[in-house]
Amino acid sequence: MDLHTWALILFTLLGQMAVGAFLVLGVVHTVALRHHESALVDRLTDRSLLAIGPVLVLAFIASLFHLGSPTIAFRAVTNVETSWLAREIVTGVAFLVLGGAFALLQWRKIGSFAARRTLAVVAAIVGVAFVLSMAAIYMLPTQPAWNTAATPIAFLATALLLGTLAVGVAFIASYAYLRRHDDERVEALTGLLQRSLRWLGVGAVALVAVQLVTVPLHVAALSAAGGAAADSAAQMLQGGGLVLGLRLVLAVAGAAIVGALVLRSFREPLPVRTMSAVVPAAFGVVLISELLGRYLFYAANVPIVI
Amino acid sequence: MAQEQLAFFIDLDTCVGCKACQIACKDKNDLDLDQLYKRVVEYVGGDWKKDGDAWVSNVYAYHVPVQCMHCEDAPCVDACPTGASTKRDEDGVVVIDQDACIGCRYCEWACPYGARAYDADEGKMGKCDFCEDYLANGEDPACVAACPLRAIDYGPLEELEAAHGDLKAVAPLPDADISHPSVVFKPHPDARRAADDPGAIANLEEL
């Protein structure tokens, strides 16, 4: 697989992670506000919010390496009328601008809470449109492996799974930063962190379960369809299914260590050291799993074309 | 739809697969080694079958020259994010504005005929433009002029359909409903057998 395809792998994964993290952070923030005052919640979430923008910018930089003529990449927004690729770039840039504007206002606490919340909801909707546009790009009649509901399902699952774990890692990093700086609210923050990670963990396990069902079903359906679809399935099962197997095993491993953490959280308060080890480890393992999964997605590019 | 859609007529019953069209096209467009705007597909099927005590051969083979079909519903034009790929109003020929092409290769995924050939050195997409410069000078496209058997012709789609029927897909080409290609084929007699006894492309490594 060449540089141009690796550029797409990074672009789609990082772009989806950014959208997923934004959505998950929004949900965590909303739920946490029911139990805690906003000054405390913002302490944990605001720094995490600021991390999303650079990830998205990195995604767009990676996408340039996909192009034969990157110096005129800006032209990709021209044909929004019919091209899903143009729509992808337009919604992606709009998500970057809206999400960035929200992050700035939230960080500086400019404007009313309701105004900021409205902006965040609009950004989230545009972000979902970004991920769905990405999926629509691949749903071409010429590409049987991609032209199924499995594509949007896989992209959304990846967005939410990587987003969930990335938010977990960002929370741990924020917490460590605040503790180093002797934040006076560190005790209350510990409780918030423990509860947040518990429910992020539940989400991650559920999302891996979705993948465990949908990924094998997709491969089986392609195999059964014959023709180019079956050739795609053979590509996805390359190396005797080793890559696909490793991808699923790593996802399960990530879910298992997070799941163990969740179970423990119901028995006793989670030690900070344990959380700080387990969540980044799970993120790393799942990230490798997702890299392999996306690699197989592009390897399955077997068109009906001669 | 274009005012008068220009189309190819390809007589598969006459084509012997000499690939003169492919070479003339490659020469005219000065293409790199790994680039082809016109490709001649060899389609081979059948086997030795037992008939009573005898083994009888029903092996068949025919050739299908394939280039951009200048489709009426061109998926490449819809896919192109920059609008570099357009369908000309006057003759429906699909052309690529090289200055606008960003080399994203999305059109290549969308094309049902694999008719697009990427130029990695320039970072731009290329394909058959119906030899628009030749047409402007009143000359025939390179592939048409080169065919020693006169198996390739071109003209307004309606005229070609009136003269030769409206067959737009033969094995191994995809369903014509995907993009409504501007092409008319006269089938090879063995194309009929491909439906009951599917063959395979014999020269994949050349394509």
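The questions and answers below cover a predicted model, in which local features need pLDDT of at least 70, side-chain atom pairs count only at pLDDT 80 or more, and totals for chains, interfaces and linings use all residues. Residues are numbered from 1 along each chain as its sequence is written, and chains are lettered from A and ligands numbered from 1 in the order in which they are written.

User: Which element gives the most to the side of chain B that touches chain A?
Analyst: Two residues are in contact if their C-beta atoms, placed from the backbone, lie within 7 Å. On that basis, 27 residues of chain B are in contact with 24 residues of chain A. Elements giving two or more residues to this side of chain B are α2 (75-79) and α3 (106-110), helices being DSSP runs of H or I, at least four residues, numbered from the N terminus. With three residues, the element that gives the most is α3(B).

User: At what angle do helix α1 and helix α5 of chain A pack?
Analyst: Axes are lines fitted to C-alpha atoms over the stretch in contact, and angles run from 0 to 180 degrees between N-to-C directions. The axes of α1 (residues 3-35) and α5 (residues 150-180) of chain A are 6 Å apart, and the angle is about 65°.

User: Is Ala20(B) buried or exposed?
Analyst: Ala20(B) lies in helix α1 (residues 20-28) of chain B. A residue is buried if 20 or more other C-beta atoms, placed from the backbone, lie within 10 Å of its own, exposed if 12 or fewer, and partly exposed in between. Because Ala20(B) has 20 C-beta neighbours inside 10 Å, it counts as buried.
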